[in-house]
Amino acid sequence: QVQLVESGGGLVQAGGSLRLSCTASGSIISNNAIAWYRQLPGKQREFVARISRYGSANYADSVIDRFTIFRDNARMVVFLQMSSLKPEDTAVYYCNVPSPSNWGRPLRSWGQGTQVTVSS
């Protein structure tokens, strides 16, 4: 099964910004809604944001007004722009195709994820 690939993570100070990218081969990106998830240390993976095929976005309460999800179908990539980062945003971030009925449930296997570390 073709996986989605995450990139763009790194170490950043609190208040800083990072942009994550989600890519995949074929038409997975352009033909599907795509969601970002994250797994904080010692916690279960959680939903962060979702973007529909047509660009409509939804966010978890914890990231509203700080994170922006957007897509470039021509380049087959979905971005997660993260601003005003907090130490509690430290996590491994993943992208996936969300179930239409439950965005917290992914439809594909997980990729490697990308580590985001926010220092205080």
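Biologist: Is Arg-66 buried or exposed?
Modeller: Keep in mind that this is a predicted model. In it, Arg-66 counts as buried because its relative accessibility is 11%, and the cut-off for buried is under 20%.

Biologist: Which residue does Arg-66 form a salt bridge with?
Modeller: With Asp-89, and the closest N and O atoms are 2.7 Å apart. Asp-89 lies in the loop between β8 and β9, while Arg-66 is in the loop between β6 (57-59) and β7 (67-72), so the pair ties together parts that are 23 residues apart in sequence.

Biologist: And what's the relative accessibility of Asp-89?
Modeller: It's 0%, so Asp-89 counts as buried.

Biologist: OK, on to Arg-38. Which side chains does Arg-38 meet in a salt bridge?
Modeller: Asp-89 is one partner, at 2.9 Å from N to O. That pair links distant parts of the chain, 51 residues apart: Arg-38 sits in strand β4 (residues 34-39), and Asp-89 in the loop between β8 (77-82) and β9 (91-96). Glu-46 is another partner of Arg-38, at 2.7 Å from N to O.

Biologist: How accessible are Arg-38 and Glu-46?
Modeller: Arg-38 is buried, with a relative accessible area of 4%. Glu-46 counts as partly exposed, at 31% relative accessibility.

Biologist: Which residues do the shared partners join into one network?
Modeller: Arg-38, Glu-46, Arg-66 and Asp-89.

Biologist: Last one: how many salt bridges turn up in the whole structure?
Modeller: A search of the whole structure gives four.

Methods. Residues numbered from 1 in each chain as written. Predicted model: local features only at pLDDT ≥ 70, side-chain atom pairs only at ≥ 80, totals over all residues. Heavy atoms only, no water. Buried < 20%, exposed > 50% of the residue type's maximum accessible area, 1.4 Å probe, protein only. Helix = DSSP H or I, 4+ residues; strand = E, 2+ residues; numbered from the N terminus.
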